[in-house]
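Please keep the model open beside you as you read the points in order.

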Amino acid sequence: MTMIPFIDLTRHESGFFESYIDKVRALTRSATFIGGDEVISLERRLQSRLKVKYAVTCANGTDALQLALRAVGVTAGDTVLVPNLTFWATVEAVVNVAATPVLIDADLRDAGISFEAFLEALEKEKPRAAIIAHLYGWGTSRLSELRKRCEELRIPLIEDGAQCFGTTVDGNSIAEGALVSTTSFYPAKVLGAAGDGGAVFTSSDRIGEAVRNLANHGRSKHYEFAAIGWNSRLDSFQAAYLNLGLDYLDQRIESRRFAARYYRTALEQIGIHVMAPPDQYNENGYCNVCIIRDQAVKNSIEATLRSRKIGFANIYPGTMLDQPALRTMRPRHFGGNNAEQICSSVLNLPLFPYIRESELNEVLAAVFDGKKGKQLSD
Ligand SMILES: *Cc1c(COP(=O)(O)O)cnc(C)c1O
């Protein structure tokens with residue numbers, strides 16, 4: 001029995017490691033650390049791959065959200081709708097630009113935002129902006145309606161795409177149809193760097209220029225500053241690593257998709273529900289998402305995985321409202337308790353590029369035995 005981690009980022013393609021080290025050597029020799037050809041080339045490649053006019057790289061995915069919020073005009077005291085089911089950074093970004101987050105429930109089928117709760121909040125809160133997050137490698141089934149509604153009401157919609165790089169909706173990149181979207185290049189994301197990184201995507205000149213400016217101290221000339229921005233630049237080493245990653249991205253995603261489908265088919269056969277992307281999406285295989293409502297079965301499966309040294313995760317174990325940091329703030333909330341339901345029943349199995357079929361089978365056997373063990377002891 002081998003140990004299978006939840007994520008293994010060391011399975012580089014042959015030649016990948018050497019190419020990166022060669023780049024690091026050349027960049028260091030020429031002292032090209034900030035900006036330069038690697039960053040320029042990465043932004044161009046992102047623009048053409050995603051079919052957006054602007055791909056502005058920045059320091060991380062959280063900054064990307066803050067840049068997007070500032071660029072669409074969110075300022076102190078504004079209200080911004082955010083999902084109650086997401087990674088903490090989505091909410092944190094809103095608070096960090098001095099705006100007030102209002103939380104919206106999730107959709108049980110795809111973990112996207114609850115369409116009904118979102119519409120109700122748009123009407124009652126009249127927010128300055130809204131954020132939705134495309135979790136697990138796909139977006140909500142109501143994406144085009146959400147976009148349309150926000151456009152009609154002139155409420156800027158920011159799409160947190162940290163988990164959906166490479167995902168398509170109706171055959172196009174999700175970023176293409178968004179007013180403004182963001183990503184994270186955190187190493188464990190689908191396009192991961194050798195450290196932190198992020199980007200903002202838009203085809204709006206106004207937003208694109210504003211993001212570019214804010215990420216570089218609000219600079220208008222070398223020593224003239226037109227806005228209060230901050231330093232949020234991607235460095236050359238990260239850009240070099242990401243450019244190499246992009247060369248292999250399609251095959252990494254193919255391998256992820258294979259694993260995601262493999263799990264889904266096998267698990268549904270033994271009666272474990274695995275969340276699937278809505279029809280219009282082709283997922284990037286970021287995540288496997290089992291929904292196990294029976295806590296005894298879930299505990300037994302997790303115990304079996306643990307005893308066999310197989311990694312797993314619960315993405316996420318709690319909602320935003322559950323977080324201690326929001327306790328005193330007591331943000332308003334729209335919808336029911338779908339987000340809580342997903343958090344209490346979600347289990348994620350190991351999934352990363354080049355995970356082997358034998359490893360998938362080993363994980364499946366552990367899930368099967370864990371589930372059976374529970375049934376036998378009942
Ligand atoms: C990873 C992630 C972020 C934050 O990205 P960082 O690069 O770690 O700052 C934001 N939102 C979601 C949904 C994420 O998964």
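**Notes on the ligand and the cavities**

1. Let us begin at the ligand: one of its oxygen atoms is 2.7 Å from a polar backbone atom of G61. D160 brings a polar side-chain atom to 2.7 Å from a nitrogen atom of the ligand. In the side chain of K189, an N or O atom is 3.1 Å from an oxygen atom of the ligand. Polar contacts here are pairs of N or O atoms within 3.5 Å.

2. Before going further, please note that this is a predicted model, where local features need pLDDT of at least 70 and side-chain atom pairs count only at pLDDT 80 or more, while totals for chains, interfaces and linings use all residues. Residues are numbered from 1 along each chain as its sequence is written, and side-chain values use heavy atoms, with hydrogens and water left out.

3. The ligand sits in the largest pocket. A pocket is an open set of points on a 1 Å grid over the protein atoms alone, with protein on both sides within 12 Å along at least five of seven lines; sitting in it means that more than half of the molecule's atoms lie within 2 Å of its grid points. Two elements, α3 (61–71) and α4 (89–96), each give two or more residues to the shell around the ligand.

4. There are 13 residues around the ligand (a heavy atom within 4 Å), and G61, T62, D160, S184 and K189 come nearest. By class, this shell has 4 nonpolar, 7 polar and 2 charged residues, with Gly counted as polar.

5. A cavity is a set of grid points where a 1.4 Å probe fits but cannot get out, and its lining residues have an atom within 4 Å of a point. The largest cavity has about 100 Å³ of space. Of its 15 lining residues, G161, C164, F165, I174 and A175 are the closest to its centre.

6. Which element gives the most to that lining? It is β8 (180–184), with 3 residues. The lining of the largest cavity divides into 6 nonpolar, 8 polar and 1 charged residues.

7. The second largest cavity holds about 40 Å³ of space. Its lining includes P83, L85, I104 and D105, and the classes are 7 nonpolar, 1 polar and 1 charged.

How values were computed: Points joined across faces, edges and corners; volume = space filled by probe spheres on them. Helix = DSSP H or I, 4+ residues; strand = E, 2+ residues; numbered from the N terminus. Polar contact = N/O pair within 3.5 Å; in protein donor to acceptor, adjacent residues only side chain to side chain.
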